[in-house]
Amino acid sequence: MFEEKRSILEPAGALALAGAEAYCKYYGLKGENVVAITSGANMNFDRLRLVTELADVGRQREAVLATFMPEVSGSFKKYAEMVGPMNITEFKYRYNSDKERALLLYSVGLHTKLELDEMAERMKSADLQTINLTDNDLVKDHLRHLMGGRTNVHDELLCRFTFPEKPGALMNFLDAFSPRWNISLFHYRAQGDTGANVLVGIQVPQHEVHEFQGRAENLGYEYAVESLNEAFQLIMH
């Protein structure tokens, strides 16, 4: 509805439209006039956030995936190479020194199912076990927002980077820092043309901080160090 009419419906109001679409598909109707009574009167910012989170998944334009990755330096870059041309729309990762494999929870934008199948084959060829969680409501509604937790990571430097919304932005970042330093945390969510606000944890020994700052400046992405942020110390450290 939004793409065709620039109208936003509340979730319950869109049910009639979804039912009409399913009805036409089930009975093979084409070129017929079908009436659906819709509503958007109860739309507010909370519901709007829910709609934007789930719309692409519901229309199968976004897939929610989980990939197991060896917890060693350079694995993140290898994973990004296997994703290839797919557009990552959300990404969550937290280093865990007690495990040999890390769990990556992320979403990718889709144009065709073939794209997803080809990426799955690339992951399989690289021994990166990948699970499709797109149809799991618990993941979509809750677990995708709960990755991480408190952990003690040695020499961790926490930074916020602003990634440009263009192909290759992630690989440019990884080329600058990986595998020179281990990435211990990564949280990314696409935000449109304004750029993506990315939270990154990197294990940088104190005597190498100056080198890190030089590489960050050369990268050209706006960034800020958040290691002393009180909320981070309380919740994640």
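I looked up Ala66 first. Its bridge partner in strand 3 is Leu105. I then checked strand 4, where Ala66 has Ile131 as its bridge partner. Helices (H or I, at least four residues) and strands (E, at least two) are DSSP runs, numbered from the N terminus.

The model is predicted: local features need pLDDT of at least 70, side-chain atom pairs count only at pLDDT 80 or more, and totals for chains, interfaces and linings use all residues. Residues are numbered from 1 along each chain as its sequence is written, and side-chain values use heavy atoms, with hydrogens and water left out.

Next I took the pairing of strand 1. I count two strands as paired if DSSP finds at least two bridges between them. Strand 1 (residues 62-70) pairs with strand 3 in the antiparallel sense, over nine bridges. Within strand 3, Tyr106 stands opposite Leu65. Strand 4 (residues 130-132) also runs antiparallel to strand 1, and three bridges join them.

I moved on to strand 2 (residues 87-94). Five bridges join strand 2 to strand 3, and the two run antiparallel. I found Gly109 of strand 3 opposite Asn87. The link between strand 2 and strand 3 is a hairpin through six residues.

Last, I checked burial. Buried means under 20% relative accessible area, exposed over 50%, partly exposed in between (1.4 Å probe, protein chains only). Strand 3 (residues 101-109) is mostly covered, with seven of its nine residues buried. Strand 1 is largely enclosed by the rest of the structure, because seven of its nine residues are buried. I noted one general point: in a regular strand the side chains alternate between the two faces of the sheet.
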